[in-house]
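Q: Please take a close look at the aromatic rings in this model. Which rings pair, and which charged groups sit over a ring?

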Amino acid sequence: MSVLIQTKNLEKVYHRGGEAVHALRGVELEFHKGEFATIVGPSGSGKTTLLHILGCLDRPSGGTVEIDGISLSDISGSGQDRIRREMIGFVFQEFHLIPSLSVADNILLPLLFSRKEPDPGYLDHLMETVGIVHRKDHRPNQLSGGEMQRAAVARALINRPQVLLADEPSGNLDTDNSIRIFKLLDSLKQEGITVIVVTHNMELAQMADRQVHFRDGRLADDPVRC
Amino acid sequence: MGFLKLSLKNIARNRTRNLITLTSILIAVGVLFSVVSYDRGFSRSLEREMRRTGVHVTVVPTGCPHEAATLLLHGGVVPDRLDRKTVEGIKDHVSDQAEGYYPMLLAQAHDPRRDRLDLVYGMPGDGMADIKPQWQFSAGAFPENEEEIVIGRSVAARDGLRVGDSVAYRTNTGLPADAGHPEVGRPDTVGKDTPGADTPDMVTGYAEQPPRADDADSVRTFRIAGILRTTGTQDDDAVFVPLSVTRAILGDAEGITALGIRLEHPGAATRVIRDIERSFAGVQAVTADDLLETVAGVVQSARVLSFSMVILVAVVSGSGVLNAVLMTVFERTREIGTMRSLGASRLDIFRLTMNEALVLTFIGGAAGIVLANLGAPVIESFVRGFLPYVPEGRNIVFDPLVALGSLIFSMVIGVLAGLYPAWRASGITPIEAIRN
């Protein structure tokens, strides 16, 4: 499998109250096309920070990140917007669906920003894949947590991204729904999508092809306890 | 789904707040539309009315310049009069330029039968059509002889008078020989056709209250030849009689309140005025344009006040829009962050937020225009209540240009009010919003 994402000596420093907090310290990582990887580690280990940098939501303080050969350090804010639109899909722990929109409109929302016409066939396919086709016209507040997260996954996939980033996607779900979501994410690799998931749940993490362990902003050589 | 639909859905989420905001915009734009429409309609009607008087120069005794305007438009009684010598002198002076003269004399006259005090407007019977060409009659027409008169709509309605009925006025003793033909009151001819009367006499009571014997030689009766349509001016409350009658009422065989002059070449009015004022002491002359300017001056302060009010309301409603949209931005910080993480650019967020301000002001503005247009008659009657003079007819007429201008005004409020919230919203970084 070819390398899709590569980080070199990645650093992230936050300044809080005049004190420098090192969230990432020289992280070197590679993710391959069609790989399903989980990032695990205790709170404050830097895993979410890494996800945000990979997703162009944040910029590193040092080092480089390349996605499909594009260096994220060299691109402008609008360039980052374009990468988010065209290459990346996001799934959040708290779903972040827009309450005033129907499930279908929520899923289609990214197309508005990428100025693409909706493909009804693909929308139906996605909704069938995630199992919420019967909820198409419902509002998010009429859905269960599992359904909301599956809608969020469908939304992340509507732009046919190369990478899907998920931050604690099972954090607000029960075990059955968590397993269902992870199975769904696992199935995406068959479509060539690279899936990177941050999680605390070690059992779920083991469903992935690879687990990346973080501790104190660094890659840990041995598995860590969350 | 487009940006507009998304903005509409966002607006629908805060119905009460946005309804209040809409109302303030509605009021601002409604007031603006009404004020501008009224101002344009008023100016247009006033100019038309002035141009239609058929009198190019009006000579009055020296006094307040407003008096001249009052005289022709408002119908008030001006106490000073021009004497016969002055009038004849003016006539001689401008005889080579004048096409016609229209002496006017205003008085208050008592009708002993109706026990009414009327504002009586004396003018040459054959000159009425020249002086008041804009008149329209609800019944009858201009008088054809010195025994016929025209009455305003309100006078007719108040006393149930119809064409063919008669009114009587008490004249001063010592009636001049040329002042007409006084007649003894003829109560049996008065109020014959009064609507709703079981018998004419029962309604008017004229037959039961004949003029006293000592009044017999000082009361003249006149046949109503025409009843005016409602003009919305003081003409509605006036009675128009032959000049000789007002002379007889006042016991003044010579004086007149004003002399109207129709010129052969209206363009020479300014020169004629200068000439008259230089040659005759104690008189002033004005043109229709002067009258126009005078009346316009009177309403100018009302106009300034109205526009100040519009600006004030616009500022208040603009602040309302700004506040409503800004609150929405604060409430939806995380949603905005989500959209940014889904690929929305800063410009997309700016556009979405600005759309909300513009949609609010557009809907409010359009509703304001529609309501102001529907409420135009109410506004007109309200304005007539406090402006000294209002031209006849409807002054607020739907003008697409004014409507478009008002709508643009509301959109400008939207743009100004939406700028800051849109700028704030577009500045929200995805990471900051997601952590919110």
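A: A charge counts as sitting over a ring when NZ of Lys or CZ of Arg is within 6 Å of the ring centre and within 35 degrees of the ring normal. By that rule A:R16 lies over the face of A:Y14, 5.1 Å from the ring centre. A:R160 also has its charged end over a ring, that of A:Y122, at 3.7 Å from the centre. The model is predicted, so local features need pLDDT of at least 70 and side-chain atom pairs pLDDT 80 or more, while totals for chains, interfaces and linings use all residues. Residues are numbered from 1 along each chain as its sequence is written, chains are lettered from A and ligands numbered from 1 in the order written, and side-chain values use heavy atoms, without hydrogens and water.

Over all chains there are 11 aromatic pairs (Phe, Tyr or six-membered Trp rings with centres within 6.5 Å; planes under 30 degrees apart are stacked, over 60 edge-to-face, the rest tilted). One of them, A:F113 with B:F3, is edge-to-face because the centres are 6.2 Å apart and the planes at 65 degrees. A:F113 belongs to helix 3 (residues 103–114) of chain A and B:F3 to helix 1 (residues 3–13) of chain B, so this pair joins two chains (helices, H or I, of at least four residues and strands, E, of at least two are DSSP runs, numbered from the N terminus). A:F113 is buried at 1% relative accessibility, and B:F3 is buried at 6% (buried is under 20% relative accessible area, exposed over 50%, partly exposed in between, with a 1.4 Å probe and protein chains only).

Within chain B, the rings of B:W135 and B:F240 have centres 4.5 Å apart and planes at 70 degrees, so they too are edge-to-face. B:W135 lies in the loop between helix 5 (128–131) and strand 4 (137–140), and B:F240 in strand 8 (residues 238–242), so the pair ties together parts 105 residues apart in sequence. Both B:W135 and B:F240 are buried.
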